[in-house]
Amino acid sequence: MKHIIFDKYVDKVCNTYRVSRDDLFSTSREYNIVTARQVLFYLSYKRGIIINEIMRLMKERGRDIRYPAIRNGIDKVQNALYDDRDLREYVEDMELSVYI
């Protein structure tokens, strides 16, 4: 069930940030791709997918990533939500659009 939610968030994040799935799961450090990836971590975590599960789901899709990187991404988005109204609106929209 969690993998279905995760994949729906992947699709939403890719559409919102206009990045491909390949880019999202790559090792690219382009700002837009990193931000999209961090938003994916945040949305997944907020939906109840634990960090170890996010790590596993990322690895299954080709991106081996460590716990601290995911935790850092979640924290960055969480902190940015207070200051960035546009980000807050994007995240809220993506949260509301994914349900099962």
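Is Ser28 buried or exposed? Ser28 is buried, because its relative accessible area is 18%, and buried means under 20% relative accessible area, exposed over 50%, and partly exposed in between (1.4 Å probe, protein chains only). The place of Ser28 is the loop between helix 2 and helix 3. Helices here are DSSP runs (H or I, at least four residues), numbered from the N terminus, and strands are runs of E with at least two residues. Apart from neighbours within four places in sequence, Ser28 is in contact with Ile33, Val34 and Arg37, where contact means heavy atoms within 4.5 Å.

The model is predicted, so local features need pLDDT of at least 70 and side-chain atom pairs count only at pLDDT 80 or more, while totals for chains, interfaces and linings use all residues. Residues are numbered from 1 along each chain as its sequence is written, and side-chain values use heavy atoms, with hydrogens and water left out.

Helix 1 comes next. The 16 residues of helix 1 should span 22 Å at 1.5 Å a residue, and its end C-alpha atoms are 22 Å apart, which agrees. The expected span is 1.5 Å times one less than the number of residues in the helix. Ile5, Phe6, Tyr9, Val10, Val13, Cys14 and Tyr17 are the buried residues of helix 1. Their cover includes helix 2, helix 3, helix 4 (51-60) and helix 6.

After helix 1 comes Arg18, with a positive phi near 55°. Arg18 is not a glycine, yet has this positive phi of about 55°. Most residues other than glycine have a negative phi. Arg18 is found in the loop between helix 1 and helix 2, and at 76% relative accessibility it counts as exposed.

The charged side chains can be followed next. Side chains of opposite charge can pair when their charged atoms come close. A salt bridge is a side-chain nitrogen of Lys or Arg within 4 Å of a carboxyl oxygen of Asp or Glu, and a search of the whole structure finds nine of them. In one of these, Asp11 pairs with Arg21, with the closest N and O atoms 2.9 Å apart. Asp11 lies in helix 1 (residues 2-17) and Arg21 in helix 2 (residues 21-24), so the pair ties together parts that are ten residues apart in sequence. Asp11 counts as partly exposed at 40% relative accessibility, and Arg21 also counts as partly exposed, at 34%.

Arg61 forms a salt bridge with Glu60, and the closest N and O atoms are 3.3 Å apart. With a relative accessible area of 22%, Arg61 is partly exposed. A network of salt bridges links Asp7, Asp11, Arg21, Glu53, Arg56, Glu60 and Arg61.

Glu89 and Arg85 are four residues apart in helix 6, so about one helical turn separates them. Glu89 is partly exposed at 43% relative accessibility, whereas Arg85 is exposed at 57%.

The last topic is the pockets. On a 1 Å grid over the protein atoms alone, a pocket is an open set of points where a 1.4 Å probe fits, with protein on both sides within 12 Å along at least five of seven lines, and lining residues have an atom within 4 Å of a point. Grid points are joined across faces, edges and corners, and a volume is the space filled by probe spheres set on the points.

The largest pocket has a volume of about 280 Å³. Its lining has 14 residues, and those closest to its centre are Tyr31, Thr35, Gln38, Ala80 and Leu87. Helix 3 (31-46), helix 5 (67-83) and helix 6 (85-97) are the elements that give two or more residues to this lining. Helix 3 gives the most, with six residues. By class, the lining of the largest pocket has eight nonpolar, three polar and three charged residues. Ala, Val, Leu, Ile, Met, Phe, Trp, Tyr, Cys and Pro count as nonpolar, Asp, Glu, Lys and Arg as charged, and the others, Gly among them, as polar.

The second largest pocket holds about 200 Å³ of space. Ser28 is one of its lining residues, and others include Val34, Arg37, Gln38 and Phe41. Helix 3 supplies the largest share of this lining, four residues.
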